[in-house]
2 protein chains.
Amino acid sequence: MRLGIGDDAAVWKPSPGKLQVITVDEATEGTDFRRSTSSLEDAGWRALAASLSDVAAMGGRPLLAVVSLTIPRDLDEQGVVALYRGMNELARRHRVTIAGGDLSRGAILSLGVTAVGEVRPSNLKRRDGGLPGDVVAVTGPLGASRAGLAILDGQVDPAALDPVLVARAVEAHRRPVPRVEAGHALGGSREVRALMDLSDGLAADLPRLAAASGVAAVVEEAALPIDAACRAVALAMGVAPARLALEGGDDLELLCAVRGRAFEHLAERVRARVGRPLLRVGRLEAGDSVTLERAGERHPLDVSGWEALRP
Amino acid sequence: MRLGIGDDAAVWKPSPGKLQVITVDEATEGTDFRRSTSSLEDAGWRALAASLSDVAAMGGRPLLAVVSLTIPRDLDEQGVVALYRGMNELARRHRVTIAGGDLSRGAILSLGVTAVGEVRPSNLKRRDGGLPGDVVAVTGPLGASRAGLAILDGQVDPAALDPVLVARAVEAHRRPVPRVEAGHALGGSREVRALMDLSDGLAADLPRLAAASGVAAVVEEAALPIDAACRAVALAMGVAPARLALEGGDDLELLCAVRGRAFEHLAERVRARVGRPLLRVGRLEAGDSVTLERAGERHPLDVSGWEALRP
């Protein structure tokens, strides 16, 4: 960073030969978070995490972020400091500079976080390169953040659950970790043909990857990596664990399409390099449907398909 | 732009050897604008204009912008389209790409606009380089936006004013023009030692330039370039025109400190190159005060100083 906060704009020197990527994430109180289930530190962390995740989902590394805030009357300077504390904790982890911000008063708390990153041109990953025969995979088990929200929201009684799982689920919801190192590793592989992040859940995001790539996608229910806390919470709620895992947003795992024959080797390499698994969730095929495969039968990957998932 | 809206992030290729600049501006309904005095198109234009102006104030040229929006219930898709229409009108003028956006629902309308631009390292201008003896100048007459707000707000009766001036003042308020070409020209001159934009009015912004540069500043009232509409509106309001011009924000003129002996020559060159004047408003001196000089006497540049400006 050549010049940070305090002038009209912040200044950085891009690495020679690299492309720059930019993304913005808006988080508004009441819609994207509630202060009853997220502290201000958490709200700051989550908003920045969503933006860093988008940079990782291009195969890039985040460099800096700028923040626009609307602050309600019941939030004092301490509150703003708390928001920035949460953002700074995450920023430090990934050596990201919070390079600027602007603030205004308004009825509700709202954060707009813009993140900028860099990527080598050959590492740039889009969501439209998937091909029939590709394995669809994610960088970790699904549904922990959704389970944490159910606990914080009082949808389940945490006393009836394993406290270790409860703590992990709550942490996953409050402090989701963007898969920055995994994104960089996946960006570096030619076998990765499409990449995006999971912000709205696999059931919403996989159709986007499939549509952009012009292919069909099949989720293999038997393969689905369901987080243990998600499984426990789903059972306590009387919902199929697979449904909670598929519908739950905010996991910030990366979703990729990998050339089928290269998948096993790539998964080993990613685990060795960045300590994250690459877990198969399904495959791409010719066509334009997105379906859930269970015991050889196919169901639509939506509300009508959930019937098949009755526990 | 390599890749625009539709993937996880937008991608651009920076020009070799150039620095990148980034800035964010937050505009919230009720605080920064009202729908009673600004259309949605105007609100979009103004929010982008403020960000582009900050890039110009670094000596840079804007390349792209991303937008975070909070949309209240009474705003439908047409309303969002109108906001973007206003932004796009201004973006096209300056060949800026709106490269991405994110949107959430909330109680009030709020726009966060991040702009990115480029600048040659030797052209980068900060606000901290002013020296005693420098001429302080602006790129146009002051106070038109403030006059427009007074008219739209019903603080004066427009029927009593010259309709040409009324139209110009209202336009200045609704559609402020960021001084992108002037910023680029001033960035290219070694004689310009400090540069920033006027978003909060000269009375608020000049002290920032002076403090950053570690010098004193004197505003010469006799020299003040007061917009004709501002003068007419001030007289109708019973306020000193100079006060309205000094206090009025949102003009988006650039404020610079120029080596004294080079000023006349630079002003000629800027006018020839970009068709904007460079108008002297005062000078920098050793010290740390910021004062208003009237008839040889000095007054503080604040509310207590306004007493000297009684019409």
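Which helices of chain A do the buried residues of α4(A) pack against? Keep that in mind as you open the model.

This is a predicted model, where local features need pLDDT of at least 70, side-chain atom pairs count only at pLDDT 80 or more, and totals for chains, interfaces and linings use all residues. Residues are numbered from 1 along each chain as its sequence is written, while chains are lettered from A and ligands numbered from 1 in the order in which they are written.

**Stop 1: helix α4(A).** Select residues 163-174 of chain A, a helix of 12 residues. Helices (H or I, at least four residues) and strands (E, at least two) are DSSP runs, numbered from the N terminus. Its buried residues (20 or more other C-beta atoms within 10 Å of their own, C-beta atoms placed from the backbone) include Leu165(A), Val166(A) and His173(A). They pack against α1, α3 (144-152) and α7 (228-237) of chain A.

**Stop 2: strand β9(A).** Select residues 254-258; five of the five are buried. Leu254(A), Cys256(A) and Val258(A) lie on one side, Leu255(A) and Ala257(A) on the other. Strands pair if DSSP finds at least two bridges between them. Ala137(A) has Cys256(A) as its bridge partner. β7(A) also pairs antiparallel with β9(A), over five bridges. There, Ala194(A) stands opposite Ala257(A).

**Stop 3: chain B.** Show both chains: 51 residues of chain A are in contact with 51 of chain B. Contact means C-beta atoms, placed from the backbone, within 7 Å. β2(A) gives the largest share of chain A's side, 10 residues. Three bridges join β2(A) to β1(B), residues 10-12, running antiparallel. Find Val21(A) and its bridge partner Val11(B).

Conventions
Two residues are in contact if their C-beta atoms, placed from the backbone, lie within 7 Å. The expected span of a helix is 1.5 Å times one less than its number of residues. A residue is buried if 20 or more other C-beta atoms lie within 10 Å of its own, exposed if 12 or fewer, and partly exposed in between; C-beta atoms are placed from the backbone.
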